[in-house]
Amino acid sequence: MVETPHSNSTFLYPTFFLLTGIPGLGGAQTWLTMVFGPMYLLALLGNGALLAVIQIDSTLHQPMFLLLATLAATDLGLATSIAPGLLAVLWFGPQPVPYTACLVQMFFVHALTAVESGVLLAMACDRAVAVGRPLHYSILVTKARVGYAALALVLKAVAIVVPFPLLVAQFEHFHAKTIHHAYCAHMAVVELVVGNTRVNNLYGLALSLAVSGVDILGISGSYGLIAHTVLRLPTREARAKAFGTCSSHICVILAFYVPGLFSYLTHRFGHHTVPKPVHILFSNIYLLLPPALNPLIYGARTKQIRDRLLETFAFKKRQF
């Protein structure tokens with residue numbers, strides 16, 4: 001790290017940043033490993049089990065389960081992009097992270113969040129076709145189209161998130177090297193920049209509105225079509241069965257968007273009223289809770305996966 005001649009407290013391209021975790025909690029941060037540690041373990045084991053079951057069982061090589069596998073792979077990546085560093089900060093205290101590694105983490109956290117939101121939209125569209133056009137489902141939704149959709153989501157996420165680290169990298173001077181956060185979030189790093197960050201702020205706001213806003217509108221529209229179709233069914237049993245096929249996805253949507261919207265709104269509009277430790281805590285919950293809950297939700301509520309898991313455990317039990 002080299003100090004500039006302009007200010008003793010201004011740094012020219014720091015070789016590393018220092019992540020402090022959740023400011024204001026002090027030694028109490030250690031106890032949060034009891035929360036985030038099991039979350040990460042659940043994310044690893046649950047999503048790993050989902051991917052293994054879908055890979056092994058050829059009967060699950062269907063569009064709906066391939067979308068679920070895409071969600072599980074995204075969850076694994078998202079949880080792994082922040083959890084090891086987060087747990088290290090909480091357990092051992094402030095941790096240095098190389099400048100380049102910080103920008104890489106920034107990219108993966110925001111890109112995988114965008115992919116996850118897009119996958120939830122794709123799953124909502126899949127359910128809308130399954131409920132609204134069941135006779136044409138196998139024609140309209142194919143494995144090839146699911147593959148193209150997944151590739152498009154990844155390419156879109158890369159294209160829209162790459163500017164984040166590039167916009168930060170253009171700045172040479174920083175007020176400090178300490179990031180009062182548990183991971184390298186874009187705005188947490190931008191707060192340290194010396195210079196005009198208007199473009200960074202506007203791009204961050206536009207990206208949040210464009211990605212989450214469009215995806216939420218698409219999901220709402222899909223479920224509007226589903227509700228319209230289901231309410232026209234003649235019997236209560238038929239309506240309950242149709243809604244039942246969407247219940248797992250609805251739970252996953254709520255687990256992802258409710259903490260996310262709370263984190264976003266408190267950061268943008270409530271930073272004077274909501275304490276910063278609360279905001280940072282929720283931003284970490286937002287990234288780790290869905291990867292931990294999603295496999296539990298689908299494992300418990302999706303019959304094919306539940307039966308396959310029970311068969312696997314029963315087979316292993318007979319072996320012993």
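Rings of Phe, Tyr and Trp (its six-membered ring) count as a pair if their centres lie within 6.5 Å. Keep in mind that this is a predicted model.

Q: How many aromatic pairs does a search of the whole structure find?
A: The search covers the whole structure, looking for rings that pair up. Its total comes to seven.

Q: Which kind of pair do the rings of Phe17 and Phe174 make?
A: Their centres sit 5.6 Å apart, and the planes meet at 70°. Planes over 60 degrees apart count as edge-to-face. So this pair is edge-to-face.

Q: How many residues apart in sequence are the parts that Phe17 and Phe174 tie together?
A: Phe17 belongs to strand E3 (residues 16-19), while Phe174 belongs to strand E5 (residues 173-174). The pair therefore links parts whose separation in sequence is 157 residues.

Q: Is Phe17 buried or exposed?
A: Buried means under 20% relative accessible area. Phe17 has a relative accessibility of 0%, so Phe17 counts as buried.

Q: Which residues touch the most other members of the largest nonpolar core?
A: This core has 87 residues, and its largest share, 18 residues, comes from helix H3 (residues 99-132). The members touching the most others are Phe17 and Ile179.

Technical notes. Residues numbered from 1 in each chain as written. Predicted model: local features only at pLDDT ≥ 70, side-chain atom pairs only at ≥ 80, totals over all residues. Heavy atoms only, no water. Phe/Tyr/Trp six-rings, centres within 6.5 Å; stacked < 30°, edge-to-face > 60°. Helix = DSSP H or I, 4+ residues; strand = E, 2+ residues; numbered from the N terminus. Buried < 20%, exposed > 50% of the residue type's maximum accessible area, 1.4 Å probe, protein only. Core = buried A, V, L, I, M, F, W, Y, C linked by side-chain atoms within 4.5 Å.
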